[in-house]
There are 4 protein chains.
Amino acid sequence: MSSNFDFRIKSLGECKIPSPMPFSNIKGDSIANFVNEDQYVLHSVTYGENRDKENIHEFALEMAGPREKIFFNPGHVHAGIVTCGGLCPGLNGVIRAIVRTLWQRYGVRRISGIRYGYVGFMPEEKLSPMPLDPDVVDDIHNMGGTILGSARGGSDVIKIVDALEQLNMNMLFTIGGDGTQRCALEVTEEIEKRGLKIAVVGIPKTVDNDLKFIDKSFGFDTAVSKAETAVHAAHVEAKSAMNGMGLVKVMGREAGFIAAHTTLATSDVNFCLIPEVPFELEGENGLLRQLEKRLERRDHAVILVAEGAGQELLKATGETDASGNKKLADIGVFLKDKITQHFKDIGWNASLKYIDPSYMIRASRANPNDSLYCARLGANAVHAAMAGKTGMLVSEWNNSFVNVPTQMAVHQKNQVDPESPLWRDVLEATQQPIVLKDDIKKK
Amino acid sequence: MSSNFDFRIKSLGECKIPSPMPFSNIKGDSIANFVNEDQYVLHSVTYGENRDKENIHEFALEMAGPREKIFFNPGHVHAGIVTCGGLCPGLNGVIRAIVRTLWQRYGVRRISGIRYGYVGFMPEEKLSPMPLDPDVVDDIHNMGGTILGSARGGSDVIKIVDALEQLNMNMLFTIGGDGTQRCALEVTEEIEKRGLKIAVVGIPKTVDNDLKFIDKSFGFDTAVSKAETAVHAAHVEAKSAMNGMGLVKVMGREAGFIAAHTTLATSDVNFCLIPEVPFELEGENGLLRQLEKRLERRDHAVILVAEGAGQELLKATGETDASGNKKLADIGVFLKDKITQHFKDIGWNASLKYIDPSYMIRASRANPNDSLYCARLGANAVHAAMAGKTGMLVSEWNNSFVNVPTQMAVHQKNQVDPESPLWRDVLEATQQPIVLKDDIKKK
Amino acid sequence: MSSNFDFRIKSLGECKIPSPMPFSNIKGDSIANFVNEDQYVLHSVTYGENRDKENIHEFALEMAGPREKIFFNPGHVHAGIVTCGGLCPGLNGVIRAIVRTLWQRYGVRRISGIRYGYVGFMPEEKLSPMPLDPDVVDDIHNMGGTILGSARGGSDVIKIVDALEQLNMNMLFTIGGDGTQRCALEVTEEIEKRGLKIAVVGIPKTVDNDLKFIDKSFGFDTAVSKAETAVHAAHVEAKSAMNGMGLVKVMGREAGFIAAHTTLATSDVNFCLIPEVPFELEGENGLLRQLEKRLERRDHAVILVAEGAGQELLKATGETDASGNKKLADIGVFLKDKITQHFKDIGWNASLKYIDPSYMIRASRANPNDSLYCARLGANAVHAAMAGKTGMLVSEWNNSFVNVPTQMAVHQKNQVDPESPLWRDVLEATQQPIVLKDDIKKK
Amino acid sequence: MSSNFDFRIKSLGECKIPSPMPFSNIKGDSIANFVNEDQYVLHSVTYGENRDKENIHEFALEMAGPREKIFFNPGHVHAGIVTCGGLCPGLNGVIRAIVRTLWQRYGVRRISGIRYGYVGFMPEEKLSPMPLDPDVVDDIHNMGGTILGSARGGSDVIKIVDALEQLNMNMLFTIGGDGTQRCALEVTEEIEKRGLKIAVVGIPKTVDNDLKFIDKSFGFDTAVSKAETAVHAAHVEAKSAMNGMGLVKVMGREAGFIAAHTTLATSDVNFCLIPEVPFELEGENGLLRQLEKRLERRDHAVILVAEGAGQELLKATGETDASGNKKLADIGVFLKDKITQHFKDIGWNASLKYIDPSYMIRASRANPNDSLYCARLGANAVHAAMAGKTGMLVSEWNNSFVNVPTQMAVHQKNQVDPESPLWRDVLEATQQPIVLKDDIKKK
């Protein structure tokens, strides 16, 4: 990242049409303001420790929000919305906000929901889009899931753009994870190649919170609250049994944010295992021996594991899947078996209860905090698209809503930094060894 | 604010004692890091619109967290904790985090809870401090309220410092609002005057979120979720009656953040009234006429009012309290009466249900998001005090934990800016007129 | 009640049409059974203490459920549903069950919802009925309130029967309290007078649980869970203040069931005040003196009062309403003022927090237990109506669903018997004096 | 069951000591009453259909509650409480009620909690009992699990009675399922053999609701509410996917009550599978073909299976466990695999999400309805024990609390009767075929 030019958003053309929104552009008149193109949010807000104070303002993100002039004539807009990949709390809230902002604030009257992700664009599936209006979406934010249906696959860029042309769509909102947004980027390029004026604006969806340039992804907060219930149950089971252990697996394929936040939210976790911090089972500092020590000291233990943690252990035991190493082996079941066997082997009267709440988390409705967030994300996505912005994602960064070039957001994953205050606080909360391994010396 | 020197934190002296925490000071060793004194968080992260990009880094806040060297010898510490003012979700979570961090991470063994706010320091009340340890606080975060009790008053600085001396306390954690922290600041000055080495570290408590230099105050998130339940009930009552109206009063004496966030979280509010945006009852753009229009259009309406809104109306009707204008008159009851009377006067068959959920909000337990926040606030307050910092508050700013000089935080209130994206999004969500008044022309 | 003949249900005529339901009439074939007309549920199940064992089986209620032969040809049915009076959790659940059972089990295709209670029948209101089918009611059980709207009034029997004739309705489901059902009874009589074949079946709605011949009314269970939240908040407020008191008012105009059950569910209540047990404020055994004692002993106190309790006190102070004594004066506000004043008078530093959660209780969605109950009540109401039964209510009695003649159910209120095990257990839970009065000697 | 003599409760001797409870024995004095020994609750309350009206009063259960005269001198009582087997919501509530009633109402001062079920009596385990008083149990009802710990095993009758003698206990409360109560019965017999005066009173614990003579077991209501959450998640997952299916496994080894009630509470279940109603996978009426039909019709399906359902299928495939047939094979995983494979085999693009919420259900805190129930069960258990009753269980039957001879309660299981109104209503709710099998003809 060498300059803030990287963060410039692609545009379909000049904005000439006055926005129908009743806002002002004058500071101090007590009337809510439009956002101007020269408003930015700094990317990095901390300095010290080798980071240069002078260069801190070089990187900045464009501020999201309604523009005084827009690109599209609302009467000519046909907008499409698509939800891709696994469920995440808040999907319906985002759909609802997009529909309501388009309809009620801009006066757009043609809005279509694409069924089952990009698959809904594939002509062979013969899936008609679902017409959307404020009545259809009125109460959907109180339900989990997505009324459009979701699926993986269907990312055939040519067919998608063909379909956009056939449907005469000039605006597409893609709600999905990095795969979805990467495909959306290719769609943008194909659109450009064909010389079309179609805005593609993404709303990043990742319950794992593993996308860059997002303070916290929508649904993440809800996921942590639901995970807390599972950890609480594991704690109760553990405390009620002799040498009782509770093991909970939560989502987090490549990033342990849900596990880390849940640990801090509950204070009941004794071992938090995440993909970013490898661990071992055997040895004096290994998980099994540390579990023994914990039981000796306190009679019970709670282990929280992110689904992507300890994959190196599973490989070691040969438990990879047939089709390669993409698919994660199940660390939860693996640990359940290993730990149970270990205590049987050493002759302890111990018991372990294993809880996998993943689907109950994914499918739950958004909590009020996420509802608010989804409402604002959806509205800001519409503001961007109406202004002809494309190839971008809408996001919250440093507590401001921003427009992020899709290319920037998907080129790298967001992960828990083991040297960060977040992980430090997790270590303090669990009092687990800094590394559950023998080869690294604890300080 | 003329320079970042204002943000420098007072210190009791040089830190010479090595921290017992097992962290490192080396970047890249995969071991969580201590925080250094040269780490800062920018105050302002947006630019454009008259704000100068070059000057943006001038103001910065000290990063909170454990230091490699500390000021106090843990064996000599006697720490006190006091909770003042009204209840707020998360009080027990902060108490718990302070106790656990002192005890388990630093090895401090003398921790006392002061009963019922500063009143507990007054010798005439004969209230013995409550001894605190990890067992006492083990489950308290699952309960609302504060195990120490809380009260207003007792802010006699001389008597407080006398009591600190008598109790031989060298560390005081003050959990309370701006009044509490202002008193704490005077206590700090009296301590300095007497040449004592007592660290005073505040944890800002304001369910209204009206303190400066805080992203979001603890308990605020929980308050919004609980307020959502009340608004939901009001919405159900309104929709189930002919010309049904639901009126909900929420906390917010000088700042309408709870009302604004709840409006965005629920999407059910049609009129959001806050202290920062005056409104009128009468006239074509006044609340009563706008309510009629809403009922004509949709048969029902939901009004959400912050307790500090519309105080000018109450004064206008002479309804001030005996002791001057400090105490707020009850805008909820006032509106209930005025609206009910209005529809009776114009002969409509309408009904209004009034809900005041304030105590149910205040007394609720923290939700997981707030629990996490309280845990981290408490821990960082301890890190600051152990490092001999004083006259400061711990806070989260731009997603980082920071140490803020108390003086900076209490000299001004945080309020909803009517020209901000937050209020703009509220106006979009409610579709209420930008100003419920006749004298200002809508754009 | 001299014989079980009183419990016989009125019928519109002989049932000749085979039910479309796939049940059997043979015991032992493992196929669910139809209910026969000779199946009864005993009214009274306890004996001893002057009650004669021999006579216990004299009184019995007809068992509800699908009959093998029905009266109405489903193709000719036009069914109406009306919800009257105040909100109660579960209204939508009952509506939904009626619609689904009529449509899916019997094949009825004309179902209309009457808007805003009996008012919807009044021609001058010009309120068109709402067409109902399984799609319309699909998700309504997840919302509080009633999609039909509710209101008091409109009980003009002649106009109602006129409207039924005009709408060509031959089946009416009345969901409401004793006033509603009394009106329904008169409607039945007018129908009979005109020689019409219209079945009128009531589903008793009383969140106070004050109707006879009902184990527990729908919504009651949900009301108790919600009241528990308010009592919990009051308890937290009380414990967190010096001489803190929490006062909660719950519904219960003539019966203290919600207060009694909430007391037993929470274990936090110290004084439970209900309409059936008069109390006094003054005197050694009066509430005020007993509160002092409680505070002396335990520093905090929680008082739970049913809205109809202590009305004799309000009369004594002249605080009746203008239009006579029908409308209850507000015992909650009265007690709040009296108690606060008392402790001011005797110079105690005490505080009282008052919570009135009534609308939040009424408007909440049914909990799973009530959802199940509403689903079964609605289904059984349809079975009765299809079999041509009329002038009756469907209810659960001794854990079986029964058909009760409306006349029996509305001639008397259900109240808490101060000598019953329920009230005895409340006294044990609160440890309050058996009578909060001076003139009765405690044992 | 040939006469009501079977229901007579064993007694340790004559009650001569006046109860300290302030109740009266006079009807009509407005003071709560003691219960007399001649008060009974009828066992059966329905008649018709071959059941003889005349004989209905033959079988009756003794009414529970405080007696005017008690057997034990409270000053000489040493009471023990033990919790056995798996967790169930409400365990702590029962413990709390026993302790509070003994201490506060009867003045008993020696109460001990036995650790980890009967195992805590085994001398080789060296587990000291936990002293219990009102302070210890003050808040425990707000937590799931059991503060005493629970375990299976340890049912060595001789050692248990030895331990009772050594501890000088004369009262034992056994909270557990039918195994626990059968052991308690043998303990009673051994006590009698040794000529000791030790009362053994059971509180039946079965989250499956499979014990006789109980309207609804404690924790059952909570279990249904929690199972509803899982079914709701399954429904959301199913609706959001192409040919989406949700499969939920709930508790119910020999009785499908949780599955049946959850089905009625949610209205989202399309196939409810319980142990009492065998089903097949293959064939035109088999589950797989019926699933296809459902998906063709509605695109999604939800299946709820009790853990004990379809065991005959598992045996057929040889999937029994090594140690015999006692342990249930996992029907949830079995169905997940079979259904997934089936749709792969027939080439459908379908997906199934499997949820097993069992531990999250078991470990949850009791809901208000269950809290109330546990409070009353515990109190009534104490009343029975203080009156010297033994070899009995306390229970609710036909809405009254009763004392049931243990022998009667454990000789047979309670199951869902496929011909009962309950199962009939389930069939109506799911619209599933009466039997998922080919060999039985549907009507």
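Two strands are taken as paired if DSSP finds at least two bridges between them. Strands (E, at least two residues) and helices (H or I, at least four) are DSSP runs numbered from the N terminus. The model is predicted: local features need pLDDT of at least 70, side-chain atom pairs count only at pLDDT 80 or more, and totals for chains, interfaces and linings use all residues. Residues are numbered from 1 along each chain as its sequence is written, and chains are lettered from A, with ligands numbered from 1, in the order in which they are written.

**View 1. Strand β3(B) beside strand β5(B).** β3(B) and β5 (residues 60-63) of chain B run antiparallel and are joined by three bridges. Tyr40(B) has Glu62(B) in β5(B) as its bridge partner.

**View 2. A ten-strand sheet that includes β4(A).** The open sheet has mixed pairing and the order β4(A)-β3(B)-β5(B)-β18(B)-β17(B)-β11(B)-β10(B)-β7(B)-β8(B)-β9(B). β4 (46-47) of chain A and β9 (130-131) of chain B stand at the edges with a single partner strand each, so one side of each has no neighbour in the sheet.

**View 3. Helices on the sheet of chain B.** α1(B) lies across β7 (78-83), β8 (110-113), β10 (171-176) and β11 (199-204) of chain B, at about 175° to β7(B). α10(B) also packs on the sheet, touching β10, β11, β17 (392-397) and β18 of chain B, and its direction makes about 160° with that of β11(B). Contact requires C-beta atoms, placed from the backbone, within 7 Å. Axes are lines fitted to C-alpha atoms, for helices over the stretch in contact, and angles run from 0 to 180 degrees between N-to-C directions.

**View 4. The side of chain B that touches chain A.** Here 61 residues of chain B are in contact with 61 residues of chain A. Among the elements of chain B that each supply at least two residues to this side are β3 (40-42), α4 (220-239) and α12 (421-430). Across the boundary, two bridges join β3 (residues 40-42) of chain A to β4(B) in the antiparallel sense, and Tyr40(A) stands opposite Tyr47(B).

View 5. Five of the five residues of β8 (residues 110-114) of chain D are buried (20 or more other C-beta atoms within 10 Å of the residue's own, with C-beta atoms placed from the backbone). Arg110(D), Ser112(D) and Ile114(D) point one way, and Ile111(D) and Gly113(D) the other. β7 (residues 78-83) of chain D pairs with β8(D) in the parallel sense over five bridges, with Gly80(D) opposite Ser112(D). Strand β9 (residues 130-131) of chain D runs antiparallel to β8(D), joined by two bridges; Met130(D) is the bridge partner of Gly113(D).

Conventions:
A residue is buried if 20 or more other C-beta atoms lie within 10 Å of its own, exposed if 12 or fewer, and partly exposed in between; C-beta atoms are placed from the backbone. Two residues are in contact if their C-beta atoms, placed from the backbone, lie within 7 Å.
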